[in-house]
Amino acid sequence: MAVVLRLARAGAKKKPYYHVVATDSRNPRDGKFIEAVGAYDPNLNPPKVEFNEERLNYWLKTGATPSETVADLIKVNAKAVKSTPAA
């Protein structure tokens with residue numbers, strides 16, 4: 001079973017909202033998934049990206065392949081977390 005991390009579309013017409021999910025590569029985009037590991041809301045300015053870092057790292061370590069878009073979101077989120085001053 002090849003596990004991939006990809007976006008599953010949710011939300012209303014013309015107002016997309018995406019869940020970042022770990023799923024079998026043979027499943028359809030919005031079909032059955034193993035686990036939800038994050039969310040992406042492109043409707044906000046700037047777009048909101050959230051991840052459960054622990055579970056995301058688990059799936060990446062076990063060999064899950066992120067889609068191009070999810071890989072970009074992970075990079076953006078890592079930069080945002082790194083540039084945010086620690087309180």
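Me: How far apart are the end C-alpha atoms of helix H2, and what span should its 16 residues give?
Reply: In this predicted model, the end C-alpha atoms of H2, residues 68–83, lie 23 Å apart.

Me: Which residues of H2 are buried?
Reply: Val70, Leu73 and Asn77 are the buried residues of H2. They cover an arc of only 55° around the axis, and therefore sit on the same side of H2.

Me: And which exposed residues are on the face turned away from that buried side?
Reply: That face of H2 carries Glu68, Lys75, Lys79, Lys82 and Ser83.

Me: What do the buried residues of H2 pack against?
Reply: Their packing partners are helix H1 (53–61) and the strands S1 (3–12), S2 (15–24), S3 (35–41), S4 (48–51) and S5 (65–66).

Me: Back to asparagine 77: why does it count as buried?
Reply: Its relative accessibility is 12%, and buried means under 20%, so asparagine 77 qualifies.

Me: Which residues does asparagine 77 contact, leaving aside neighbours within four places in sequence?
Reply: Asparagine 77 is in contact with Val49, Phe51 and Glu53.

Me: A change of topic: how many residues of S3 are buried?
Reply: Six of the seven are buried, so S3 is largely enclosed by the rest of the structure.

Me: How does S3 run relative to S2, parallel or antiparallel?
Reply: S2 and S3 run antiparallel and are joined by five bridges. Tyrosine 18 has tyrosine 40 in S3 as its bridge partner.

Me: What joins S3 to S4?
Reply: Four bridges join these antiparallel strands, and a hairpin connects S3 to S4 through six residues. Glycine 38 is bridged to phenylalanine 51 in S4.

How values were computed. Residues are numbered from 1 along each chain as its sequence is written. This is a predicted model: local features need pLDDT of at least 70, side-chain atom pairs count only at pLDDT 80 or more; totals for chains, interfaces and linings use all residues. Side-chain values use heavy atoms; hydrogens and water are left out. Helices (H or I, at least four residues) and strands (E, at least two) are DSSP runs, numbered from the N terminus. The expected span of a helix is 1.5 Å times one less than its number of residues. Buried means under 20% relative accessible area, exposed over 50%, partly exposed in between (1.4 Å probe, protein chains only). The arc is that of the directions from the helix axis to the C-beta atoms. Contact means heavy atoms within 4.5 Å. Two strands pair if DSSP finds at least two bridges between them.
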